[in-house]
Amino acid sequence: MPKKLFTSVEISDPKKLVFGKAKKPLRYGFDLEIGNGYVVPELKYFPKPERLKDEASSVAVYQEITEQVLKHAINLGAERLQLETELPAILTENAQWGASVTHKQIEIMEKYHDEYGLKIGYRATIADLRNVKKGGLRDGFFHTVMDSFEANAEAGAHL
């Protein structure tokens with residue numbers, strides 16, 4: 001596939017660059033639309049690593065975080081929200097654990113969308129394992145990372 005060279009920007013007039021407004025808004029997740037004139041807050045969270053002992057404890061920790069976050073969002077009157085789970089190395093290396101966490105969070109988000117009308121999207125960020133172990137992606141980590149991307153996408157991650 002040939003490389004595409006970008007020689008200009010999509011919006012050439014700086015006065016037309018408006019925070020929260022995109023030339024082509026994007027809709028995904030549970031009725032979340034970004035770029036249509038409003039700013040969507042994104043919340044990123046990271047539990048204490050010692051609480052992620054196995055798949056079941058990992059799911060339970062993220063379930064607790066997600067439920068607390070969404071309760072607060074509803075109590076604050078939020079209409080839109082983007083959640084980002086930055087999966088730590090243990091949940092990237094064990095792709096099924098990460099996928100189970102993603103699946104549980106998606107279930108909870110769907111419930112809040114259906115019950116309260118919260119427009120919400122979910123981003124799963126896969127850990128860069130090169131920071132954990134030496135050798136880079138060429139020494140076997142590439143397939144581990146790609147397996148994690150695939151497993152989390154299949155589990156319902158929107159981004």
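Buried residues make up 36% of the 159 residues in the protein, where buried means under 20% relative accessible area, exposed over 50% and partly exposed in between, with a 1.4 Å probe and protein chains only. The model is predicted: local features need pLDDT of at least 70, side-chain atom pairs count only at pLDDT 80 or more, and totals for chains, interfaces and linings use all residues. Residues are numbered from 1 along each chain as its sequence is written, and side-chain values use heavy atoms, with hydrogens and water left out.

**Whole chain**

Start with the cartoon view. The protein has four helices and five strands; helices (H or I, at least four residues) and strands (E, at least two) are DSSP runs, numbered from the N terminus. From the N terminus on, the order is β-β-β-α-β-α-α-β-α. The C-alpha trace spans about 50 × 45 × 25 Å along its principal axes. Of the contacts (heavy atoms within 4.5 Å) between residues at least 6 apart in sequence, 68% join residues at least 24 apart.

**Helix H1**

Select residues 55–75, which form helix H1. The end C-alpha atoms of H1 are 30 Å apart, in agreement with the 30 Å that its 21 residues should span at 1.5 Å a residue; the expected span is 1.5 Å times one less than the number of residues. After H1 comes Gly77, with a positive phi near 80°.

Now color the buried residues of H1: Ser57, Ser58, Val59, Val61, Tyr62, Ile65, Thr66, Val69, Leu70 and Ala73. An α-helix has 3.6 residues a turn, so residues three or four places apart point the same way. Among the elements covering the buried residues of H1 are strands E3 (42–45) and E4 (80–86), together with H2, H3 and E5.

**Helix H2 and Thr92**

Next select Thr92, in helix H2 (residues 89–93). Thr92 counts as buried because its relative accessibility is 0%. Leaving out residues up to four places away in sequence, Thr92 touches Leu87, Ile126, Ala127, Leu129, Thr144 and Ser148.

Move to H3, residues 95–116. Its 22 residues reach 31 Å from first C-alpha to last, close to the expected 32 Å. Just after H3, Gly117 has a positive phi of about 75°.

On the H3 side the contact is made by Ala95, Gly98, Ala99 and Thr102, and on the H4 side by Asp147, Ser148, Ala151 and Asn152.

**Strand E5 and Tyr122**

Finish at Tyr122 in strand E5 (residues 119–125). Is Tyr122 buried or exposed? At 0% relative accessibility, Tyr122 counts as buried.

Show its neighbors. Beyond four places in sequence, Tyr122 touches residues including Tyr45, Leu83, Ile106, Met109 and His158. The C-alpha atoms of Tyr122 and Met109 are separated by 8.5 Å, with the two residues 13 apart along the chain.

Which side chains make polar contacts with the side chain of Tyr122? One is Thr85, at 3.3 Å, and another is Gln105, at 2.8 Å. A polar contact is a pair of N or O atoms within 3.5 Å; within protein, one must be able to donate a hydrogen and the other to accept it, and residues adjacent in sequence count only if both atoms are side-chain atoms.
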